[in-house]
Each structure stands twice: as structure tokens, then as C-alpha cells.
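The entries below follow the order in which I looked things up.

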Amino acid sequence: MSATDPPRASRLRWLVQIVGFGIGVGLLAWCARVALSDSHRAQLERLEDASAGAIAGLLGLSVAILLINGLAFWIMLRPVRRLEPVGVIATSCIATFLALLPFKLSIALRVLVHHRRDGVPLMLIGGWFGALGVVFIGTIALVAGIAYARARFSLDTGATVGAGLGAGILGVIGLLLAARVFRADSGRERMIALAERMAIGPLGRPVGLIVRSRSFEHLHRAFDMLSHPGAVVGSVVIRLLDVALQSVRFTLAGAVVGVSLDVESAVLLACAHASIGVVSPFGTLGTREAGTLGLAA
């Protein structure tokens, strides 16, 4: 192999991404085939009778979801770096469309724009995304758990939502307190001491150098974000609003084609839609539609 040939691992990653994207396209074709099948002909015919209000509502919900997801990025970074909200939201909207494609182009765009245009250090971007991920996982897991428990066991709605709300408040308080222990310079020193004590044998010195580095200092700012009540509560509220809007969008789309969705089903579909969009390694085209359709079935 010549010096100009790409490394084997790099070629393998390209192959995996291309094959994965091809699978996504195939899944999208399967979803289209299911939608266009004879068993759904009556529902498709209802699309011709869709009112202008319903179509406008679906478009409006889609735009609102795009905007609030961008707002989630802005509000989480605000405790350590104040960026123009319009720029962050615009970047997020473009990245959302790029998420359809493989190679995680949406993440690459966010990193490139915020690093080159806004001057945010790369490791700080990593901590920023990590902090967002913590809030996303916790919020989605709690909401999906409430909806599943309500649907699966026919629990009282008020009691279930109340218990979930209590668990959510305790979770937010616990997160804020835990992050507070490791925030700022004093918290970083605690983390350094803990890492050096836990390092075994010859790993002690390298671990100490890593946690004392400038790069780790930027990464560590995630604790400053997660210990800030406004950033955490604001991010949780935005994520709840996102799930609510997605649920309404699924309910409205179902009503257009004559399918009635109960609240629990709509919420579970919204949570699945959001989760698949985050974890799909090959782009969301096809994978998100197929995953959501599979859950709906």
C-alpha cells in the first residue's frame, strides 16, 4: 500500500458508514412501501381532504421543534460562554437537516462553526455536548418511563404524573448537587486528587498529566454547566416542551389520516423519535422512520 493510500481503519469506517446509510435508505423504502400498501389506502385518501389548518399546524410544530432544540444548545453553554442565540439556533437548524446523512455531518458542522466562528475550544465543545447528553438521557428516560407505566399498568394518571414529577425534581436536585462538588477550580482539584488516587501503578503519572492539562480544564467546564440551576432547569423544560410538541405533531398527523393516538402512545413515539435521531450512527434517514414505525406497530 502506498503512502497516499488511506489507512485501512479509515477505509473501513467509510465502508461502514456507506453500508449503514444504504440500510437506512432501504428502511425508508420499506416504510414507504408499508404506507402505500393496499391496507393503508383509505388512510392515504384522507390526505387529499386534509384541511389547510392541519397542514399549517404540522408545519408550525416542525418549525417550533427546530427552534427550541437550538435554544437548548444555547442555554446549556450560557453559564461558561455567552454566544448569540440566533447564531446557535441557526447552526442547530442546519445541523438537524445534515443529521439525515451519514458520517455524523451534523456534529461536524456544529464543531466547525462553534470552534471557528465562535472561538469555543474543542474540548469545551465536548463538555458542552456531554452536558446536553446527560440532561437529554435523564429527561427522555423519565418521560418514557411515565408514559409506559401509565399505558402498561393502567395506573392513575394524576398519581403517575405526580410521582414522575417528584422523581424528576429529585433528579435535577441530585444532578445540581453532584456537579457542584466538581465545579470550578476547587472541584477540578478534587477530581485531580481522586483520579490520581484511583490510578494504578504506572498509570498514575499519565493520568495526573491528563487531568491537569489545559484540554481537560476545558472539558471539565461541563460541571460548571451542570451545576448551574438556570441551565439545567431550562434544558429540562426545553426537552419536555420538545417531547410535548412532538407528541402533538404525531397526534395531529394521525388525525389527518384517521388514526387516533392516545396520549401515552404519542409520548412514547415522540421519545423514540428523539432517541433514534441521537443514537443512529449512520444518519437518521430511514432509521428514525423505521424505528418509530416499528414501535407504533
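**Entry 1: ground rules.** I am working on a predicted model, where local features need pLDDT of at least 70, side-chain atom pairs count only at pLDDT 80 or more, and totals for chains, interfaces and linings use all residues. Residues are numbered from 1 along each chain as its sequence is written, and side-chain values use heavy atoms, with hydrogens and water left out.

**Entry 2: confidence.** I looked up pLDDT, the predictor's confidence in each residue, from 0 to 100. The chain has a mean of 86, and 93% of its residues reach 70 or more. Helix 9 (residues 204–211) has the lowest confidence, with a mean of 69, while helix 11 (residues 222–226) has the highest, at 95.

**Entry 3: fold.** I counted elements as DSSP runs numbered from the N terminus (helices H or I, at least four residues; strands E, at least two). The chain has 14 helices and zero strands. Its C-alpha trace spans about 70 × 60 × 40 Å along the principal axes. For burial I used relative accessible area: buried is under 20%, exposed over 50%, partly exposed in between, with a 1.4 Å probe and protein chains only. By that count, 36% of the 297 residues are buried. I then checked contacts, meaning heavy atoms within 4.5 Å. Among contacts between residues at least 6 apart in sequence, 70% join residues at least 24 apart.

**Entry 4: nonpolar cores.** I took a nonpolar core as a set of buried Ala, Val, Leu, Ile, Met, Phe, Trp, Tyr and Cys residues joined through side-chain atoms within 4.5 Å. The largest such core has 30 residues, and Met76, Leu77, Leu83, Trp128, Ala131, Met225 and Leu226 have the most contacts inside it. Helix 3 (52–77), helix 6, helix 7, helix 11 and helix 12 each supply at least two residues of this core. Helix 3 gives the most, with nine residues. Apart from this core lies another, of 11 residues, including Val143, Phe250, Val267 and Cys271.

I also listed the partners of Trp128. Leaving out residues up to four places away in sequence, Trp128 touches Phe73, Met76, Leu77, Leu83, His114 and Met225.

**Entry 5: the second largest pocket.** I noted the method before the values. On a 1 Å grid over the protein atoms alone, a pocket is an open set of points where a 1.4 Å probe fits, with protein on both sides within 12 Å along at least five of seven lines; lining residues have an atom within 4 Å of a point. Grid points are joined across faces, edges and corners, and the volume is the space filled by probe spheres set on the points.

The second largest pocket has a volume of about 760 Å³. Its lining has 32 residues, and Thr139, Leu142, Val143, Ile146 and Leu240 lie nearest its centre. Which helices supply at least two residues each of this lining? They are helix 6 (122–153), helix 7 (157–181), helix 12 (229–256) and helix 13 (263–279). Helix 7 gives the largest share, 11 residues.

**Entry 6: Gly164.** Is Gly164 buried or exposed? Gly164 counts as buried because its relative accessible area is 7%. Gly164 lies in helix 7. Beyond four places in sequence, Gly164 touches Leu142 and Ile146.

Entry 7: Ser106 is in helix 5 (residues 105–117). Ser106 is buried, at a relative accessible area of 12%. Leaving aside neighbours within four places, Ser106 is in contact with Ala95, Leu98 and Ala99. Leu112, also in helix 5, is partly exposed at 46% relative accessibility.

Asp118 lies in the loop between helix 5 and helix 6. At 22% relative accessibility, Asp118 counts as partly exposed. Asp118 touches Arg81, Leu83 and Val113, not counting residues up to four places away. The C-alpha atoms of Asp118 and Leu83, 35 residues apart along the chain, are separated by 7.3 Å.

**Entry 8: a backbone angle.** Ala184 has a positive phi of about 60° although it is not a glycine. Ala184 lies in helix 8 (residues 184–198) and is partly exposed, with a relative accessible area of 36%.
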